[in-house]
Amino acid sequence: MSQQQPEESARLDAFVQRQVADAVRRKEARAAADAELRASTLASDTDRDLAAGVLNQAFAEGRLTAEEHAERTTGAFTARTHGDLDRVLAGLHVPAPQATETHAARRVLFWMVTVMTSPFLLMGLGLLLAGSDNGGRVFGLVLIVLFAPGLFALNRWAWPKADGTRWPRMR
């Protein structure tokens, strides 16, 4: 019995190591694919303006010479992709987006509005699905179209994106 236990433990350790190595490889491959996707994505005017702001800040702090600032700023405004912008900003500290703090009153308001509008949404859904004539179904659709977008917008207002990123994680 004692002879089998170390052998089984060694097999289990080897299995766990293979699983961990495989997970690390998948994570690195996903990160490389994300970086490749980001590098090939076209940059917007806002992205170019943000890059120019970072360059101006670095120049004001003395981290760039006037010539390097002029060269990089020209490169930022002529950049076509995010990869071009990344090359322009290489070696500079790019500040992370600030997380937005939401007030608790926003969430309370969202739940109050949700409780008050949910009967109308449920009635609209019921009429749409089980209405006896076309008039009832149309009225159900009108209720859903009137109340659902407002509730969705209020949800986005009460819980804004916490990470502030523009790029969704591609899997």
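The dialogue below takes up the fold, then the rings, then one arginine.

Mentor: This is a predicted model, in which local features need pLDDT of at least 70, side-chain atom pairs count only at pLDDT 80 or more, and totals for chains, interfaces and linings use all residues. Residues are numbered from 1 along each chain as its sequence is written, and side-chain values use heavy atoms, with hydrogens and water left out.

Trainee: How many helices and strands are there in the chain?

Mentor: Helices (H or I, at least four residues) and strands (E, at least two) are DSSP runs, numbered from the N terminus. The chain has six helices and zero strands.

Trainee: How is a pair of aromatic rings described?

Mentor: By the distance of the centres and the angle of the planes. Rings of Phe, Tyr and Trp (its six-membered ring) pair if their centres lie within 6.5 Å; planes under 30 degrees apart count as stacked, over 60 as edge-to-face and the rest as tilted. The count here is four aromatic pairs. One of them joins Phe 110 and Trp 111, edge-to-face, at 5.0 Å centre to centre and 70° between the planes. Phe 110 and Trp 159 have centres 5.0 Å apart and planes at 85°, so this pair is edge-to-face. Phe 110 lies in helix α5 (residues 104–130) and Trp 159 in the segment after α6 (134–158), 49 residues apart.

Trainee: Is Phe 110 buried or exposed?

Mentor: Buried means under 20% relative accessible area, exposed over 50%, partly exposed in between (1.4 Å probe, protein chains only). Phe 110 has 8%, so Phe 110 is buried. Trp 159, at 31%, is partly exposed.

Trainee: Where is Arg 72 found?

Mentor: In helix α3 (residues 66–78). Arg 72 is buried at 17%.
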